[in-house]
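This report describes a metal site and then a helix pair. Please keep the sequence and the model in view while reading.

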Amino acid sequence: MPLYDFRCRVCGRTFEAMAKMDAGHSVCACGGTAERLLSVGRGYRADADWLPSVTAVVDRDSPAPHVRAFLAEPSRANYRRWLAGEKLRPLEDGESRRPPAPGPEIARQVRARFAARRGAA
Ligand SMILES: [Zn+2]
């Protein structure tokens, strides 16, 4: 089983634990339910191949809450919030387990939007 990061909803502790690929939760030492996190640049996270392509187009200087939330915790939920915040294509039924990486067209749109935002500032 692969190793994943979890964050406890009760005490906030982040810890690593072995889990099945589809396990979304684990149990913290405090007994609380812990949500699985995804981290950037950890090769053993076979299901996180979409993360590098997302982080490559995220505007790291943006103060927008959906951007800050995603950068602080690049989870699937925050990825969906980021997509919604950028008014990009929402997830469709059946995609929730494996969010699609932004393709070249989405990356182009996002970069154009950032350029326009910076130009207007
Ligand atoms: Zn805990």
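In this predicted model, the zinc ion is held by four protein donors, the SG atoms of Cys 8, Cys 11, Cys 28 and Cys 30, which lie 2.3 to 2.4 Å from the ion. The angles among the 4 donor atoms run from 105 to 122 degrees, and the site of the zinc ion is tetrahedral. Along the sequence, the donor residues follow the spacing C-x2-C-x16-C-x1-C.

The second topic is the helix pair, whose axes come within 9 Å and cross at roughly 155 degrees. Because angles over 145 degrees count as roughly antiparallel, H2 and H3 are roughly antiparallel to each other. The crossing in which H2 passes H3 is left-handed, and the residues that make the contact are listed below.

| Helix | Residues in the contact |
|---|---|
| H2 | His 66, Val 67, Ala 69, Phe 70 |
| H3 | Asn 78, Tyr 79, Arg 81, Trp 82, Gly 85 |

By class, the residues of this contact of H2 with H3 comprise 5 nonpolar, 3 polar and 1 charged. Helix H2 spans residues 65-72, and helix H3 spans residues 76-85.

How values were computed:
Residues are numbered from 1 along each chain as its sequence is written. This is a predicted model: local features need pLDDT of at least 70, side-chain atom pairs count only at pLDDT 80 or more; totals for chains, interfaces and linings use all residues. Side-chain values use heavy atoms; hydrogens and water are left out. Axes are lines fitted to C-alpha atoms, for helices over the stretch in contact, and angles run from 0 to 180 degrees between N-to-C directions. Helices (H or I, at least four residues) and strands (E, at least two) are DSSP runs, numbered from the N terminus. Angles under 35 degrees count as roughly parallel, over 145 as roughly antiparallel, 65 to 115 as roughly perpendicular and the rest as oblique. A crossing is left-handed if the near helix is turned anticlockwise from the far one by less than a right angle, and right-handed if clockwise. Contact means heavy atoms within 4.5 Å. Ala, Val, Leu, Ile, Met, Phe, Trp, Tyr, Cys and Pro count as nonpolar, Asp, Glu, Lys and Arg as charged, and the others, Gly among them, as polar. Donors are N, O and S atoms within 2.8 Å of the metal (3.2 Å for Na, K and Ca); water is not among the atoms, so sites may look incomplete. Four donors count as tetrahedral if all angles lie between 85 and 135 degrees; four count as square planar and six as octahedral if opposite donors are over 155 degrees apart and all others between 65 and 115; anything else is irregular.
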